[in-house]
Amino acid sequence: MKKREIGIIVALLLLLATGVSVFAATIGGAQQEINRIQQEVNKTRARLKELDSLRSDVEKYMKELDNELTVLSEELLQLEQQMADKQEEIRVTKEELEAAREDERRQYEAMKIRIQYMYEKGDTEYVDILFSAQSLSDLLNSVEYISQISEYDRDMLDVYVAVKEEIQDKEARLEAEYAELEELKTENEAKQAALETVMEAKQAELDKYDAEIGDAEMQLEDFEEDIAEQQEIIRQIEIQMEESRRAAAAASSRAAESSRRAAEASSRAEESRKAAESSKAADASMGNEEPGDNIDREDPEESSPQTEAPEETTTQAPTSSSSGHIWPIGSRNITSYFGPRTHPITGVVNSHHSGIDIAAPNGTPIVASASGTVLTVGYTSINGNYVIIYHGDGVATAYCHCSTILVSEGQQVSQGQTIAKVGLTGLTNGYHLHYGVRVNGTYVNPLNYIQ
């Protein structure tokens with residue numbers, strides 16, 4: 001075996017060993033990243049469990065408040081009905097009181113007439129009545145009659161006065177009861193207002209938990225996507241390791257075969273040389289001279305196919321679209337589109353790209369494509385520094401690989417407001433913005449929104 005062939009085999013073996021070390025280190029790094037992401041997943045799931053528990057407690061409390069509001073509403077209706085009944089009783093009592101006062105007035109007027117009549121007639125009337133009696137019995141009856149008339153007037157007057165006073169007492173009592181009902185109604189209305197205020201506060205708290213739960217669920221989806229990507233990196237590296245091993249084995253086999261053939265050729269050449277020397281010696285003895293033997297040897301080189309990198313595509317698009325979203329960056333240089341692709345770094349074939357990559361210089365301003373609320377500001381080894389903005393109706397946008405974040409979670413941002421700057425953080429091979437659009441938890445083609 002020639003030194004050159006031995007060198008080739010040794011070089012291949014060294015390359016394989018080096019490649020295995022590099023691959024193993026890469027796999028180890030990917031596995032460490034998976035473990036780190038899994039820890040984040042566990043934390044997020046624990047937070048989700050806590051949020052679900054808190055949300056359940058708030059819902060239970062709101063149900064109790066709603067039951068109290070229902071009871072208070074029913075009590076208010078009953079109080080209003082009781083107040084209406086009291087008002088009717090007071091009206092009837094006032095009418096009765098007015099009638100009693102009229103009876104008292106009539107009785108008093110009649111009594112005054114009789115008293116005036118007796119005063120004007122003096123005692124003659126009584127004397128006439130007494131002398132007109134035909135017997136002692138008639139006399140006693142006349143005296144009794146006069147006494148009964150006076151007593152009747154006194155009794156009737158006392159009765160009317162008593163009835164009037166009784167009705168007045170009844171009216172005062174009804175009005176006091178009505179005042180109590182009004183006070184109860186005022187207290188219940190105050191309770192109802194307070195409960196409604198608490199209910200509104202709890203509803204706001206519930207909405208906050210819903211938003212945090214939605215954010216945590218989106219983070220879980222991102223983590224799962226990151227884990228799947230790392231697992232795919234490991235799978236592809238294992239495939240490359242196996243291919244490298246097979247290539248090294250094949251190269252070693254080809255080298256051995258080449259060495260064997262070279263040895264056979266060398267043996268044949270030696271036999272030919274010896275035969276030629278014998279023939280030349282014979283010819284010399286005969287006085288003949290022949291030219292030397294020239295042997296041309298060809299050493300072919302294997303060439304591996306070269307894969308030409310795809311050209312970057314620049315797309316000019318309008319500033320905004322009918323969806324109301326604008327371009328998130330001044331550059332229109334799209335270097336990778338939404339959908340299946342070969343990963344530019346890991347080489348993973350048919351890797352799904354969840355957004356579009358827009359190349360731009362370092363520090364280029366990134367703006368919000370629409371107004372909304374900042375749901376998440378964070379960092380992952382895949383996305384780097386990233387921002388997620390929620391725009392309502394289930395629509396959220398993501399901005400990844402940023403060098404600087406200029407907003408915070410919960411902040412309200414307006415369309416066109418600068419939220420970050422282009423960077424090189426995360427898994428990337430050049431300065432660019434990864435822009436994604438998610439609708440109801442699923443990534444869609446951003447060009448449907450900004451172009």
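I329 touches I358, A360, T364, P365, V422 and L433, leaving out residues up to four places away in sequence; contact means heavy atoms within 4.5 Å. The model is predicted: local features need pLDDT of at least 70, side-chain atom pairs count only at pLDDT 80 or more, and totals for chains, interfaces and linings use all residues. Residues are numbered from 1 along each chain as its sequence is written, and side-chain values use heavy atoms, with hydrogens and water left out.

**Setting of I329**
- I329 sits in the loop between α3 (136–285) and β1 (333–336); helices (H or I, at least four residues) and strands (E, at least two) are DSSP runs, numbered from the N terminus.
- I329 counts as buried because its relative accessibility is 4%, where buried means under 20% relative accessible area (1.4 Å probe, protein chains only).

**Nonpolar cores**
- A nonpolar core is a set of buried Ala, Val, Leu, Ile, Met, Phe, Trp, Tyr and Cys residues joined through side-chain atoms within 4.5 Å.
- The largest one has 25 residues, and I419 is among those with the most contacts inside it.
- Elements giving two or more residues to this core include β4 (356–359), β10 (418–422) and α4 (447–450).
- Another core, apart from it, has 21 residues, including A30 and L220.

**Cysteines**
- The count of disulfides is zero, a disulfide being a pair of cysteine sulfur atoms within 2.5 Å.
- The sulfur of C400 has its closest cysteine sulfur in C402, at 6.9 Å, so it is too far for a bond.
- C402 is buried, with a relative accessible area of 0%.

Notes
Buried < 20%, exposed > 50% of the residue type's maximum accessible area, 1.4 Å probe, protein only.
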